[in-house]
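Open the model in your viewer and keep the selection panel handy. We will go from stop to stop, and each one tells you what to pick and what to look for.

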Amino acid sequence: MTGEVHVIGGGLAGSEATWQLAQAGVPAALHEMRPLRQTEAHKTGSFAELVCSNSFRSDEWETNAVGLLHEEMRRAGSLIMAAADAHKLPAGGALAVDRDGFAAAVTEKLEAHPLIEIVRGEIDGLPPAEWDSVIVATGPLTSPSLAAAIQALTGEAELAFFDAIAPIVYRDSIDTGVCWFQSRYDKAGPGGGGADYINCPLDKAQYDAFLAALLAAEKAAFKEFEAATPYFEGCLPIEVMAERGSDTLRYGPMKPVGLSNPYKAGTRPYAVVQLRQDNSLGTLWNMVGFQTKLKHGEQVRVFRMIPGLEQAEFARLGGLHRNTFLNSPKLLDATLCLKADPRLRFAGQITGVEGYVESAAIGLITGRFAAAECLGWKLKPPPPTTALGALLNHITGGHLSADSEGTRSFQPMNVNFGLFPPIATPPHPGGKGPRSSKGFDRKRALSRRALADLDVWLAPSASVAAE
Ligand SMILES: Cc1cc2nc3c(=O)[nH]c(=O)nc-3n(C[C@H](O)[C@H](O)[C@H](O)COP(=O)(O)OP(=O)(O)OC[C@H]3O[C@@H](n4cnc5c(N)ncnc54)[C@H](O)[C@@H]3O)c2cc1C
């Protein structure tokens, strides 16, 4: 092996990490098991194969967080973005790509780079002890033997094989004229203040209507290989619980006990939906116990029936998928090293981000951290005001953990403006038409701040020689 850094997995994240290493002048060995061994979703031997949709979502950087992430990655010399731009297809404001042309372009660039060695084959356990810098980017379908070795190192509960995602709502779209802040029995708990949940009350008629809509709503199907993977009783979809009886939810996640509605003193709600703060900024709130397989449009329709959530804007909708991912806020340090074995860094979906672009973005950051370390430089994490930094912060510390409730509270996340530190809303000039509201002004201000801060981070002077 000639590589100074070994990257395991040539998907979206591993390809980007390898490119960033090589472009920084650091030799890298990229280990990919395909085509010798396929995952349940991949079909080719190409690097950065897109396993499902061919879309990188919105390409609009001023008012869309994933569009902003595209722009930041372009500025950081991303291989994934360069190949996507070179193979884009007409798709309105979205960036859609010709998947074969895209993957072929990534593969050619990696194979042609003089500092990159390609090694085909599965890494079926922890990397050999003599590899002193490794990036693990093996994705949501990490091969079972490697996953088992990582699990043995991290502890059984810290590597999940299914995500159980409950919707996340922007705090400022919740009607606190109907809902109130209170923890059950006013319990403060560790780090709490006795009023840590937002409670949405339902009377009997509202509960019955909600239940009927939930049961009738359209569900998304499991993929064949997912159906064969058992998932825990502790993370049953809400609609599956509802099917078990009309009171199951009232005795489960919607139980109304220990709560008193200040707007209706003396009457106990028939059922309650609770939301718990999800990030340290307090901008995102998680619907407790509401993991679901309902189709996305149906989730918005049905969950807006809940009193107080009529105008809810969702930063993330629910889902349940086969997904291998770490409990990163606990296990990884600020530069994505495994605390238990710092020669291992992680990148991509396995760190708890969701989506092609986000996975590649974490590959980009990890590659830069590993390159800086090899070159004897100390690289600060990207500022949390940037899309790259906001995403990194979600993985390494921004998420507030509440792991005591059965399902692990850290779940994969797409990039969204709720992850960014707030900004004073600029004066709204008025005007009509699409994208002229205050909300869009705020997003534009966040995006401009992000790009200005990113440029400072990308400047060579941002790295300092390690002591
Ligand atoms: C079925 C499915 C559908 C999805 N659809 C979408 C979608 O439509 N849009 C979207 O944005 N995201 C989608 N995702 C999420 C998507 O997987 C990720 O966004 C993205 O591919 C993850 O990038 P990654 O680099 O972390 O992992 P991957 O792109 O999966 O790359 C991991 C690589 O590691 C290799 N590997 C695994 N184990 C080993 C090993 N032990 N040794 C060597 N190599 C190994 C694999 O062969 C693979 O090439 C989907 C995920 C799945 C599972």
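## Stop one: helix H2

Start by selecting H2 and colouring its buried residues, which are Ala65, Val66, Gly67, Leu68, Leu69, His70, Glu71, Glu72 and Met73. Keep in mind along the way that this is a predicted model. H2 spans residues 65–75, and nine of its 11 residues are buried, so the helix is largely enclosed by the rest of the structure.

Now zoom in on the two ends. At the start of H2, Asn64 places a side-chain oxygen within 3.0 Å of the backbone nitrogen of Val66. Just after H2, pick Gly77, where phi is positive, at about 70°.

## Stop two: helix H3 and Ala84

Move on to H3, and begin with Ser78 at its start: a side-chain oxygen of Ser78 comes to within 3.2 Å of the backbone nitrogen of Ile80. The buried residues here are Leu79, Ile80, Met81, Ala83 and Ala84.

Select Ala84, which belongs to H3 (residues 79–86). Is Ala84 buried or exposed? Its relative accessible area is 0%, so Ala84 is buried. Leaving aside residues up to four places away in sequence, show Phe56, Leu95, Val97 and Phe102 to see what Ala84 touches. For a sense of scale, draw a distance from the C-alpha atom of Ala84 to that of Leu249: these residues are 165 apart along the chain, and the separation is 45 Å.

## Stop three: Thr386 and helix H12

Next, pick Thr386, in the loop between strand S18 (377–379) and H12. Thr386 has 0% relative accessibility and therefore counts as buried. Show its side chain and you will find it reaching the backbone oxygen of Pro383 at 2.6 Å. Beyond residues up to four places away in sequence, Thr386 touches Glu72, Phe420, Ala450, Asp453 and Leu454. Glu72 takes you back to the first stop, as one of the buried residues of H2.

Follow the chain into H12 and check its span from end to end. H12 has 12 residues, yet its end C-alpha atoms are only 13 Å apart, whereas a straight helix at 1.5 Å a residue would reach 16 Å.

H12 is also mostly covered, with nine of its 12 residues buried. To see them, select Ala387, Leu388, Gly389, Ala390, Leu391, Leu392, His394, Ile395 and Gly398. Then bring up H2, helix H10 (328–331), H11 and H13, against which these buried residues pack.

## Stop four: the ligand

Which of the 32 residues come nearest? They are Ala13, Glu32, Ser143, Gly355 and Tyr356.

Three of these are worth a distance label:

- Glu32: a polar side-chain atom is 2.7 Å from an oxygen atom of the ligand.
- Ser143: an N or O atom in the side chain is 2.8 Å from a nitrogen atom of the ligand.
- Tyr356: a backbone N or O atom is 2.8 Å from an oxygen atom of the ligand.

On its own the ligand has 980 Å² of accessible area, and the protein covers 92% of it.

Colour the shell by class and you will get 12 nonpolar, 16 polar and four charged residues. Then switch to colouring by element: helix H1 (12–23), strand S2 (28–32) and H11 each supply at least two residues of the shell.

## Stop five: backbone details

Finish with the backbone. Most residues other than glycine have a negative phi, and most peptide bonds are trans. The next three picks depart from that pattern.

- Pro35 sits in the loop between S2 and S3.
- Arg57 lies in strand S3. Arg57 is not a glycine, yet its phi is positive, at about 65°. With a relative accessible area of 28%, Arg57 is partly exposed.
- Leu336 is in the loop between H10 and strand S16 (337–338). Phi is positive for Leu336 too, at about 70°, although it is not a glycine. Leu336 is buried, with a relative accessible area of 0%.

Key:
Residues numbered from 1 in each chain as written. Predicted model: local features only at pLDDT ≥ 70, side-chain atom pairs only at ≥ 80, totals over all residues. Heavy atoms only, no water. Helix = DSSP H or I, 4+ residues; strand = E, 2+ residues; numbered from the N terminus. Buried < 20%, exposed > 50% of the residue type's maximum accessible area, 1.4 Å probe, protein only. Contact = heavy atoms within 4.5 Å. Polar contact = N/O pair within 3.5 Å; in protein donor to acceptor, adjacent residues only side chain to side chain. Expected span 1.5 Å × (residues − 1). Near = heavy atom within 4 Å. Areas by Shrake-Rupley, 256 points an atom, 1.4 Å probe, with all protein chains shown as cover. Nonpolar A, V, L, I, M, F, W, Y, C, P; charged D, E, K, R; others polar.
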